[in-house]
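Dear colleague,

I am handing over the structure you will be working with. Please look through it first; my notes on what was found follow below.

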Amino acid sequence: MSKPTKYGFNMLWLFSAGKDRIPAEPDERELDFIAEEGFNFIRVPMDYRFWTDGEDYFHPDDKVLKLIDNCIAKCNERGLHVCLNLHRAPGYCINRPEIEKHNLWRDEEALNGFLYLWGMFAERYHGIPSEKLSFDLLNEPDQILPTHPCTREDHERVIRKTVQTILAVDPERQIVIDGFNGGHNPLPELADLGIRNGVIHSGRGYTPFGLTHYRAEWVRNRDMNPPLPCWPGSYGEGENWNIGRLRKFYAGWTELSAKGVPVHIGEFGCYNKTDNSTALAWFRDLLTVFSENGWGYALWNFRGPFGIVDHGRPGTEYENYKGFHVDRKLLELLKTAPAENGGPLFID
């Protein structure tokens with residue numbers, strides 16, 4: 001089975017559907033940049049509404065599926081592994097779950113639609129080897145949302161059934177499962193899937209939240225006047241946050257790794273309201289923890305308020321590099337951690 005030595009970016013080509021949002025074609029200049037800089041991984045968060053009419057989960061629009069085909073092909077041509085992720089799935093999304101008619105964990109309509117979609121992708125991409133393509137089943141399951149609640153038992157049942165559905169079609173397909181409660185908490189109850197089937201467990205790097213999401217407009221119940229982030233620093237949780245506290249935070253993930261469960265950090269990043277010097281100090285410590293554990297990772301995202309290009313954090317020194325407005329210091333940090341861990345290797 002493949003090892004999760006994958007380093008790269010989330011690309012938002014099919015991230016969020018809506019009246020004025022249509023799927024985007026990959027920007028090949030961006031993909032060239034990513035490959036040339038030694039990265040090998042692209043995670044593609046997807047919204048099922050791009051190819052679905054209402055709650056008709058079983059008749060996807062083939063024009064959109066062909067666009068997904070093209071995204072995979074353009075990445076694979078450059079040696080970039082693609083990880084397809086359902087960010088918004090039938091019956092659940094961590095962003096605005098209340099607009100979903102069904103509950104993925106409680107309603108058979110949603111579960112059957114979810115299983116159908118992954119079975120369909122397994123059949124469609126059966127010929128693409130796992131060193132080039134993986135399936136990240138569901139973005140950031142969360143039990144504390146006011147709508148669409150689930151328990152760990154609910155989630156385990158859905159994940160086991162979905163893994164079984166995919167492997168029945170393609171026994172070699174690499175599968176990824178996100179941690180619980182926004183992706184932050186490990187799922188030791190599903191460790192056997194990682195040990196037996198090589199299923200990768202995917203964590204997050206958005207801690208402490210007061211630094212990574214400082215003044216983020218979409219955060220529910222956010223403090224309208226939060227303290228200015230610093231690193232190391234206190235975030236109203238007693239003990240100060242520093243690299244030691246980060247190691248303690250990821251202890252559960254480290255324990256999974258020690259048992260032989262593949263671990264990858266599917267998303268991490270810092271929003272653009274935090275001063276860049278603070279963000280870079282935090283990135284340095286976070287990436288050190290990832291490197292110590294041998295975990296690959298994917299920054300959210302490439303271009304935009306969390307990325308390395310035109311992110312807009314105060315105090316950033318940009319460099320015009322290969323046709324992009326790049327935070328070179330952040331780029332070099334992202335490249336240094338895998339280099340210390342033996343290089344950004346393709347999975348094998």
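**Overall build**

Of the 348 residues of the protein, 57% count as buried. Please keep in mind that this is a predicted model.

The protein has a radius of gyration of 19 Å, which agrees with the value near 20 Å that a compact globule of 348 residues would have. Taken along the principal axes, the C-alpha atoms fill a box of roughly 50 × 45 × 45 Å. Among contacts with a separation of 6 or more, 75% are between residues 24 or more positions apart in the chain. The secondary structure comes to eleven helices and ten strands.

**Strand 1 and its partners**

Strand 1 covers residues 7-10 and runs parallel to strand 8, residues 296-299, with three bridges joining the two. Within this pairing, Y7 stands opposite Y297 of strand 8.

Strand 1 also pairs with strand 2, residues 41-47, again in the parallel sense and over three bridges. Here G8 is the residue that stands opposite F41 of strand 2. As background, side chains in a regular strand alternate between the two faces of the sheet.

**The largest pocket**

The largest pocket has a volume of about 1300 Å³. Its lining is made up of 41 residues, and those nearest the centre are H87, I94, N95, E140 and W218. Two elements give two or more residues each to this lining: strand 3 (81-88) and helix 5 (180-183).

Which classes of residue make up the lining of the largest pocket? There are 21 nonpolar residues, ten polar and ten charged.

**The second largest pocket**

The second largest pocket has a volume of about 340 Å³. It is lined by 16 residues, of which F209, G210, H213, D223 and P226 are the closest to its centre. By class, this lining has eight nonpolar residues, three polar and five charged.

**For your first look**

Regards

Technical notes:
Residues numbered from 1 in each chain as written. Predicted model: local features only at pLDDT ≥ 70, side-chain atom pairs only at ≥ 80, totals over all residues. Heavy atoms only, no water. 1 Å grid on protein atoms, 1.4 Å probe; cavity = no way out; pocket = protein on both sides within 12 Å on 5 of 7 lines; lining within 4 Å. Points joined across faces, edges and corners; volume = space filled by probe spheres on them. Helix = DSSP H or I, 4+ residues; strand = E, 2+ residues; numbered from the N terminus. Nonpolar A, V, L, I, M, F, W, Y, C, P; charged D, E, K, R; others polar. Pairing = 2+ DSSP bridges. Rg over C-alpha atoms; globule rule 2.2 N^0.38 Å. Buried < 20%, exposed > 50% of the residue type's maximum accessible area, 1.4 Å probe, protein only. Contact = heavy atoms within 4.5 Å.
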